[in-house]
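Student: Hi! I've got a structure open and I'm a bit lost. Could we walk through it together?

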Amino acid sequence: MMNVIKQMRTAYPVSDDTVRALKEQVVLCAFPKKYRLIEANRRCKSAYFIEKGMTRSFWVVDGEEVTTSFSCEGGIVFSMDELYYGKASEEFVETLEEVEAYRIRLDDLLRLFRTNIELANWGRVIHQNEYRRLHRSHRDCLTLPARERYEAFRRQFPQVCQRAQLGYIASYLGITLSTLSRLRARK
């Protein structure tokens, strides 16, 4: 769990005891590229701490996939609808590479949030950071030209720029693939 723990401690200083408590609840899993960890309109009942590899989250709108986020080493993916509201997911999460992840049952994660203040605070901090990312992304899509949106994305997610298909990045940025290709060619 080296990448997961490193990323957790970057967000919030969890103790060795908290890491042990988390480790007792997770199971290491391996998934191939293009595997759907989470399906829209279904309950998954698990969250995944990404040790190695990358995922993307997306919605299907009018038959088109709209990328909403990416997660790399150290990140966690789950359905917020399921974890917090007891509803089936509204989005999909699929692997973009072969992925090694630690699976935890959502019930166990919620129990840890209720009983371990460090994990509860870590969860709060990662959600604060995600809210800020979403807020900035929304602002950028409404106010910035495509080139500036792409440059901001490159600064924020250099790993994704190197590893994800351009179509997924274009979808995330709300631009066409041809526009993204032109922007990349002008660098």
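Student: Let's start with the sheet that has β2 in it. In what order do its strands come?

Tutor: Keep in mind that this is a predicted model. The order is β2-β7-β4-β5, four strands in an open sheet with antiparallel pairing.

Student: Which strands stand at the edges there?

Tutor: Those are β2 and β5 (64-71). Each has a single partner strand, so one side of each is left without a neighbour in the sheet.

Student: And what does the twist average from one strand to the next?

Tutor: The twist averages 35°.

Student: How many bridges hold β4 and β5 together?

Tutor: Seven bridges, in the antiparallel sense. To find your place, look for Thr-55, which stands opposite Ser-71 in β5.

Student: Which helix packs on this sheet?

Tutor: That's helix α8, residues 166-173. Helix α8 touches β4, β5 and β7, and its direction makes about 95° with that of β5.

Student: Nice. Now the sheet with β1 in it: what's the strand order?

Tutor: That one goes β1-β8-β3-β6, again an open sheet of four strands with antiparallel pairing. The edges are β1 (26-31) and β6 (76-77), and each has a single partner strand, so one side of each has no neighbour in the sheet.

Student: Where do β3 and β6 meet?

Tutor: Strand β3, residues 46-52, pairs with β6 over two bridges in the antiparallel sense. Phe-49 stands opposite Ile-76 in β6.

Student: Which helix packs on that sheet?

Tutor: Helix α4, residues 106-115. It touches β3, β6 and β8 (99-105), and its direction makes about 70° with that of β8.

Student: How do α4 and α5 cross?

Tutor: Their axes come within 5 Å and cross at roughly 110°, with α5 covering residues 117-143. That angle makes α4 roughly perpendicular to α5.

Student: Which residues make the contact?

Tutor: From α4 you have Leu-112, Phe-113 and Thr-115, and from α5 you have Ile-117, Leu-119, Ala-120, Trp-122 and Gly-123. By class, that's six nonpolar residues, two polar and no charged ones.

Student: Changing topic: I clicked on Met-8. Is it buried or exposed?

Tutor: Met-8 is buried, with a relative accessible area of 2%. You'll find it in helix α1, residues 2-11.

Student: What does Met-8 touch, apart from its neighbours within four places in sequence?

Tutor: Met-8 is in contact with Val-14, Leu-22, Leu-119 and Trp-122. Leu-119 and Trp-122 also take part in the contact between α4 and α5.

Student: Last one! How many disulfides are there?

Tutor: The count is zero. Take Cys-44: the nearest cysteine sulfur, that of Cys-29, is 10 Å away. For Cys-141, the nearest is that of Cys-161, 14 Å away. Cys-141 counts as partly exposed, at 36% relative accessibility.

Technical notes:
Residues numbered from 1 in each chain as written. Predicted model: local features only at pLDDT ≥ 70, side-chain atom pairs only at ≥ 80, totals over all residues. Heavy atoms only, no water. Pairing = 2+ DSSP bridges. Contact = heavy atoms within 4.5 Å. Axes fitted to C-alpha atoms, helices over the stretch in contact; angles between N-to-C directions. Parallel < 35°, antiparallel > 145°, perpendicular 65-115°, else oblique. Nonpolar A, V, L, I, M, F, W, Y, C, P; charged D, E, K, R; others polar. Disulfide = S-S within 2.5 Å. Buried < 20%, exposed > 50% of the residue type's maximum accessible area, 1.4 Å probe, protein only.
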